[in-house]
Amino acid sequence: MKPRLLLIELHHLGDAVLSLPFVRGAQEHYTVHVLCRPATRPVYEMLATPPIIHTWEPPWADEQACSARAAISAARMQGVVLRPLEFAAVVCAWADARVGLIMGETRAPQRIGFPMTRDNYYAAEHPWRRRRRLLGRALERAWPGRAGLTKSLHRTSPDQPHLHCWDQIAAALKVTPDFSTPWIPVREASADVLALVREAHGRGKQVLAVHAHARLASKQWPLASWGELLALPAVHERFELLEIVPPGSGELLGGPGLSVTPPDLPSLAAVLGAADALLSHDSLPAHLAAALCRPVVAIFGSGEPDWFAPWQNRHRAVIRRGCPLHPCIDRCGMDRYLCLDHIRISDVVQQLDALPARS
């Protein structure tokens with residue numbers, strides 16, 4: 001029987017996608033368990049061999065409703081709940097003392113992660129981030145000897161991509177991440193999508209999937225700019241557009257091409273797998289398309305592409321560093337989103353023009 005390994009990923013869908021190569025590689029040596037949010041579960045279920053999934057909604061997701069004491073208590077209790085599984089190792093790629101509490105309370109002999117040092121903590125220079133980091137460091141120093149990390153890792157530079165944190169964890173465990181593509185098996189797209197692809201390729205055009213909606217306003221390039229961009233004749237000369245509209249958004253960009261609303265994550269993956277490239281925000285679809293080895297042009301607002309660009313697509317990120325507070329990690333300190341206001345349509349066109357031709 002393989003020893004048990006627990007991976008803790010309590011962030012969002014795109015972040016979960018970035019952990020998949022580590023999960024795939026670790027499965028050769030461990031029975032992998034994952035602790036994630038309920039909404040993130042479908043990411044791990046898409047793997048050819050899904051890990052054992054435990055879901056938990058961290059109370060600190062709602063900062064206004066959760067005190068520091070309540071967050072600490074909930075984290076410790078979650079670790080106690082997982083303790084009977086007797087994990088050989090517990091890992092996390094985020095510098096978060098609350099997760100360190102969970103790791104410590106599992107009593108796993110190996111607890112590998114990143115302490116909340118300045119270089120490990122994204123956007124540590126912002127006042128609200130600095131306060132949180134210092135509180136976390138105080139909490140780390142207050143652990144009993146049996147809690148916290150047994151092996152502390154450190155990012156090699158402040159610009160290190162988050163994906164490389166998983167590489168560091170893999171090296172500490174002596175496992176090899178599996179980056180072979182696709183990271184997940186993909187089912188066939190719907191008949192209308194396949195028909196669009198056949199017709200486009202028959203006319204010598206590429207299919208550009210377009211996902212113009214973002215979960216957060218700090219990542220949402222204005223829909224008016226999207227509409228203007230996608231109405232350009234130069235775009236339609238090369239691409240057939242496949243617009244992906246999230247369920248419940250109710251907003252279409254319109255124009256030539258096809259609009260689809262995938263009802264679930266496997267359906268979204270099928271659409272992305274059928275397209276030749278994706279144009280989107282810094283979002284789940286961007287990371288999912290990269291996992292399927294599709295070129296991705298990602299528009300960045302509040303996020304930092306050096307850290308969170310889709311795998312192998314950093315050079316295609318569209319960003320204008322016009323805000324003195326960038327990256328703000330989705331907590332804007334200005335009266336408007338300067339990071340998005342400064343992005344020009346020509347910036348996006350330049351990246352679309354540089355996309356590789358269909359092989």
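**Cavities, sheets and rings**

Author: Searching the whole structure gives 3 cavities of 30 Å³ or more. This is a predicted model, in which local features need pLDDT of at least 70, side-chain atom pairs count only at pLDDT 80 or more, and totals for chains, interfaces and linings use all residues. Residues are numbered from 1 along each chain as its sequence is written, and side-chain values use heavy atoms, with hydrogens and water left out.

Reader: What is a cavity, and how much space lies in the largest cavity?

Author: On a 1 Å grid over the protein atoms alone, a cavity is a set of points where a 1.4 Å probe fits but cannot get out; lining residues have an atom within 4 Å of a point. Grid points are joined across faces, edges and corners, and the volume is the space filled by probe spheres set on the points. Here the largest cavity holds about 70 Å³. Its lining includes Cys 323, His 326, Arg 336 and Tyr 337.

Reader: How many residues of each class are in that lining?

Author: There are 8 nonpolar, 3 polar and 1 charged. Ala, Val, Leu, Ile, Met, Phe, Trp, Tyr, Cys and Pro count as nonpolar, Asp, Glu, Lys and Arg as charged, and the others, Gly among them, as polar.

Reader: How do strands of a sheet pair?

Author: They pair through backbone hydrogen bonds, either parallel or antiparallel. Two strands pair if DSSP finds at least two bridges between them. Helices (H or I, at least four residues) and strands (E, at least two) are DSSP runs, numbered from the N terminus. In this model, an open sheet of 6 strands has the order β3-β2-β1-β4-β5-β6, with parallel pairing. β3 (52-55) and β6 (151-152) are at the edges with a single partner strand each, so one side of each has no neighbour in the sheet. Strand β2 (residues 31-36) runs parallel to β3, joined by 4 bridges, and Cys 36 stands opposite Thr 55 in β3.

Reader: What is the order in the open sheet of 5 strands?

Author: The order is β9-β8-β7-β10-β11, and the pairing is parallel. Within this sheet, β7 (residues 206-211) and β10 (residues 277-281) pair over 4 bridges. Ala 209 stands opposite Leu 278 in β10.

Reader: Why is the pair of Trp 183 and Trp 311 called tilted?

Author: Rings of Phe, Tyr and Trp (its six-membered ring) pair if their centres lie within 6.5 Å; planes under 30 degrees apart count as stacked, over 60 as edge-to-face and the rest as tilted. The count comes to 11 aromatic pairs. For Trp 183 and Trp 311, the centres are 5.1 Å apart and the planes are at 50°, so the pair is tilted.

Methods
On a 1 Å grid over the protein atoms alone, a cavity is a set of points where a 1.4 Å probe fits but cannot get out, and a pocket is an open set with protein on both sides within 12 Å along at least five of seven lines; lining residues have an atom within 4 Å of a point.
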